[in-house]
Amino acid sequence: MKKFVNDPKQYVPEMLKGIALANPDTLRYVPAYNLIMRADAPRQDKVSIIQGSGSGHEPAHVMTVGKGMLDGACPGDVFAAPPMDYVYETVKLLASDKGVLLLVNNYTGDKMAFDMAQELSEADGINVKTLFINDDVAVEDSTWTVGRRGVAGNFFVMKAVGAAAEAGADLDEVIRVGEKVNSVTRTMGIALTACTPPAKGSPLFELGDDEVEMGVGIHGEPGRRRAKLTSADEIVDELLSAVVGDLPYAAGDKVALMINGLGGTPISELYLLYGSAHEKLAAMGIEVTRSYVGEYCTSLEMAGASLTLVRLDDEIDALLAAPAEVAYRVF
C-alpha cells in the first residue's frame with residue numbers, strides 16, 4: 001500500500017499541523033496534546049464541546065472543530081484512544097464557566113481515557129459531563145467495545161450539541177439534546193476492502209475480490225457476516241433492513257439520511273447508494289428531508305460505506321440546520 005508518509009510515528013502530528021496551517025484564523029494547534037481547538041476558545045458564555053477518539057477517521061473529529069460544532073478534539077494515534085492526560089489537559093485548556101461536555105464514541109479505550117479525565121477534572125472543580133455515542137446496529141459487542149459502537153452517527157450528535165451550545169444552552173440542556181439525537185440515530189456499514197495503518201504497513205484484515213464485510217466497524221472490526229459481493233440495491237436492502245428495523249423507523253417518519261464513505265469509495269458510488277436508499281425509504285412511507293452524502297467518519301482508505309438514519313422532529317431539524325464553520329466544509 002502506497003501512502004504519503006514521512007515517519008509513521010509523526011503521521012498524526014504532521015496531519016494536525018497541516019490542518020492548523022490551513023486554517024490559521026480559526027484553529028489553534030497544541031502539539032503536546034494532539035489538540036486542535038478553536039482559536040477563540042474557551043468562551044465563557046458557552047459550554048465547551050470536546051471529542052477525541054483515535055485518528056484515521058478524518059474528518060472525524062479534528063476537522064469538525066469550529067463555530068457551531070466542536071471546541072476541541074484531541075485524537076490518539078491511528079485507531080488508538082487518546083492518552084488520558086491528553087483529554088485531561090484539553091479539558092483544562094477549554095474549561096468554561098458554563099461547563100464542558102465530552103463526547104465519546106463507545107469504545108473501551110476511549111471510555112477509560114475520558115472517564116479518568118473527567119474524574120481528575122472534577123477534582124479540579126471543573127463542571128464536566130460525558131455523553132457516549134452508540135449508533136451502530138451491526139453488533140452488540142465487538143473487538144474493542146462492550147455494547148454498541150459509535151460510528152458515523154456521531155456527526156449528528158456533534159452538530160446538535162454544537163448548535164445548542166452556540167445558542168447559549170446550559171450543560172444539562174446540551175446533554176439532553178445529545179442524548180435525544182443519539183437515541184434516534186442508527187447506522188450500519190459495509191467494507192469492500194480493508195485499510196492499512198501507516199505504522200502497520202499491511203492490511204488489518206483480508207477480503208477476497210468477491211467478498212464484503214457486512215456490518216464492519218470503523219477500525220476493521222468484524223461485522224455481522226462475511227458475504228459475497230452483490231448488487232448495490234441488494235446491499236442497500238440489507239443495510240436498510242438492519243437500520244430501519246432497529247429503532248424502528250416507521251411510515252410517516254421524517255428522517256435525515258447519510259451515506260458516509262469509509263475513505264476509498266468514489267463519491268459517484270455514494271450517490272448511487274443514496275439514490276437507492278432514498279427511493280426504498282419513500283416506498284416505506286419514510287420521508288427523507290435532510291441529506292448527507294460524503295466522507296464524515298472514515299477508516300483511512302477503506303473502500304466501503306455506511307448508512308445512517310436520524311428520526312427528525314422540529315427541534316432536531318432546527319439544530320441540524322444551524323450554521324457551522326469548520327475546516328471540513330461538507331456541512
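**Legends to close-up views of the predicted model**

View 1. The protein chain exposes about 13200 Å², of which carbon and sulfur atoms supply 52%, the areas coming from the Shrake-Rupley method with a 1.4 Å probe. Residues are numbered from 1 along each chain as its sequence is written, and side-chain values use heavy atoms, with hydrogens and water left out. Local features need pLDDT of at least 70 and side-chain atom pairs count only at pLDDT 80 or more, whereas totals for chains, interfaces and linings use all residues.

**View 2. Contacts across the protein chain.** Among contacts (heavy atoms within 4.5 Å) with a separation of 6 or more, 73% are accounted for by residues 24 or more positions apart. Along its principal axes, the C-alpha trace spans about 55 × 50 × 35 Å.

View 3. The protein chain contains 8 helices and 14 strands, taken as DSSP runs (H or I, at least four residues, for helices; E, at least two, for strands) and numbered from the N terminus. An open sheet with mixed pairing is formed by 6 strands in the order 1-2-5-3-6-7, where pairing requires that DSSP finds at least two bridges between two strands. Strand 1 (27-30) and strand 7 (128-133) are the edge strands, each pairing on one side only.

**View 4. The pairing of strand 6 with strand 7.** Strand 6 (residues 100-105) runs parallel to strand 7 and is joined to it by 6 bridges; Leu101 has Lys129 in strand 7 as its bridge partner.
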